[in-house]
Amino acid sequence: MTFITGHRGARNLWPENSLQGFRNVLALGVDAVEFDVHLTDAGELVVIHDATLERTSEGEGPVRALSPSARRATRLKGSDETIPTIGEVLDVLDTGEALPLHVEIKSDGNGVPYAGIVEKVVAELAVRGLDQRSYLTSFDVSVLEDCRRIAPKIQRLVSVNAAWAERQGGLGSFIDGVDGLVDLVAIHHELLDNEWELVSGRLPLERLCVWTLNDETLIAKWLHRGIGHLTSDNPDLALNLRRALSSAA
């Protein structure tokens, strides 16, 4: 069975990385939830995708410059909510069920990893007992190496798209380099489709994740292929298609 992951709290259905989105995506019955974490200069772990505020909030400037009071006053676009901390998000997602969490560790606006962010994220997961059902995720292999060193028992996921694979010497070279480092390899759907023979020959389906699929035709295609994991901004659509395919089988 393909496992369906709600991307940024199902951002096509509710405001991206919002507490509302996380509450509601749980009710859909997804198999996992993905969200993004930045570290501010004040030491807060905040859940937002971009390194700047403009796209998803009513604020301006770099995320890392947010003070706690400014964060609490910065509303998300299309919402009455403000930018949440990782603690607030985990309080919503800690339902007592074994739902996997995909926690993407972001870098600053210059692409530089935040000093100490891995330790802080691991501590937030561990204090709630969520570390054993979480994945620490990143595009940056050096961040994932830090994750393995600091928290070797927490699962890891690496993401890659065509541009990133090219910078690493090609997708085949990239996979060879991360094979022993990560549990899951998440590949952008266009790259995975173009390199399907190469990838499926090197990694079992259960270790592969395809992202980010929001179109019915594409979702159905990858469900038919039996991909292990599928990430969507419209997980309701993916879940409905999976049910339909299961009923028809």
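Visitor: Is D193 buried, exposed or partly exposed, and what is its relative accessible area?
Guide: Buried means under 20% relative accessible area, exposed over 50% and partly exposed in between (1.4 Å probe, protein chains only). By that scale D193 is partly exposed, with a value of 30%. A quick note: this is a predicted model, where local features need pLDDT of at least 70 and side-chain atom pairs count only at pLDDT 80 or more, while totals for chains, interfaces and linings use all residues. Residues are numbered from 1 along each chain as its sequence is written, and side-chain values use heavy atoms, with hydrogens and water left out. So, for D193, the relative accessible area is 30%.

Visitor: Which residue forms a salt bridge with D193?
Guide: A salt bridge here is a side-chain nitrogen of Lys or Arg within 4 Å of a carboxyl oxygen of Asp or Glu. For D193, the closest N and O atoms of the pair are 2.8 Å apart.

Visitor: Which residues of α10 are buried?
Guide: Helix α10 covers residues 216–225. Its buried residues pack against β1, α8, α9, β8, β9 and α11, where contact means heavy atoms within 4.5 Å. The buried ones are I219, A220, W222 and L223.

Visitor: Which residue caps the N-terminal end of α10?
Guide: Look for a side-chain oxygen 3.0 Å from the backbone nitrogen of T217. Just after the helix, G226 takes a positive phi of about 80°. The capping residue, though, is D215.

Visitor: Which residue forms a salt bridge with D176?
Guide: D176 itself counts as exposed, at 52% relative accessibility. The closest N and O atoms of the pair are 2.8 Å apart, and the partner, in helix α9, is R202.

Visitor: Why are D146 and R149 separated by about one helical turn?
Guide: Their side chains meet in a salt bridge (3.4 Å, N to O). D146 is partly exposed at 32%, whereas R149 is exposed at 57%. They are about one turn apart because they sit three residues apart in helix α5.

Conventions. Helix = DSSP H or I, 4+ residues; strand = E, 2+ residues; numbered from the N terminus. Polar contact = N/O pair within 3.5 Å; in protein donor to acceptor, adjacent residues only side chain to side chain.
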